[in-house]
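Student: Could you walk me through how to read the core and the strand pairing of a model like this one?

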Amino acid sequence: MPVFEVQIRAVLDRVSSVSAPSDYSWSFVFTCGSCGENTPKPVTFDESMSVDLIRGAKVTLTIKCKFCERTSDVTLLVEPHVYSDSGEFKPFVGLDCRGTSPSLWNIIEPLTIEGQRGFIFEDTEIINQEFFGYDEDLKQECSVTEFEHVLQRRK
Ligand SMILES: [Zn+2]
């Protein structure tokens with residue numbers, strides 16, 4: 001089954017990483033592989049969700065297309081969601097999809113931003129691709145800028 005991934009890129013200034021915890025709520029619009037229609041709303045899920053398929057396999061969720069009524073399934077890959085390579089696109093989350101593909105990542109939960117000495121910024125909001133914070137441990141400003149992401153098929 002094809003795996004799709006979000007790759008992110010940002011410029012990190014005095015920031016060691018941008019990450020998502022294991023209980024992070026992911027939210028995506030999916031496009032039906034049969035008829036090409038999008039889900040009317042983003043679909044939200046996390047690592048703890050599980051659906052048993054008839055043949056005994058487990059997936060994170062199933063999606064029934066409202067237009068052609070085909071059912072597809074999605075498995076959120078359990079792997080770390082940590083970005084620390086300032087300036088370069090790197091994989092951030094992977095989705096194993098059967099019959100559908102993600103077409104938009106809807107960021108509904110703040111990402112975790114960690115300073116160089118482990119200071120954690122809470123309630124981070126990346127607005128206009130930027131985040132600016134004050135690191136209480138370093139006593140310095142730090143930032144995440146030029147934040148962007150792409151969705152692509154994993155090779
Ligand atoms: Zn469809």
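Student: Which residues of the largest nonpolar core touch the most other members?

Tutor: A nonpolar core is a set of buried Ala, Val, Leu, Ile, Met, Phe, Trp, Tyr and Cys residues joined through C-beta atoms within 7 Å, where buried requires 20 or more other C-beta atoms within 10 Å of the residue's own, with C-beta atoms placed from the backbone. Here the largest core has 24 residues, and those touching the most other members are Ala10, Val15, Val18, Tyr83, Leu95, Ile113 and Val144. Among the elements that give two or more residues to this core are strand E1 (3-13), strand E10 (90-98) and E15, strands being DSSP runs (E, at least two residues) numbered from the N terminus. The model is predicted, with local features needing pLDDT of at least 70 and side-chain atom pairs pLDDT 80 or more, whereas totals for chains, interfaces and linings use all residues. Residues are numbered from 1 along each chain as its sequence is written.

Student: How does the pairing of strands work, and in what order do E4, E3 and E11 lie?

Tutor: Strands of a sheet pair through backbone hydrogen bonds, either parallel or antiparallel. Two strands count as paired if DSSP finds at least two bridges between them. In this model three strands form an open, antiparallel sheet in the order E4-E3-E11, with strand E4 (43-45) and strand E11 (100-105) as the edges, each pairing on one side only. Strand E3 (residues 26-32) is joined to E11 by five bridges, and phenylalanine 30 has proline 102 in E11 as its bridge partner.

Student: What phi does lysine 139 take in the hairpin of E14 and E15?

Tutor: Lysine 139 takes a positive phi near 55 degrees in that hairpin, which has four residues between the strands.

Technical notes
A residue is buried if 20 or more other C-beta atoms lie within 10 Å of its own, exposed if 12 or fewer, and partly exposed in between; C-beta atoms are placed from the backbone.
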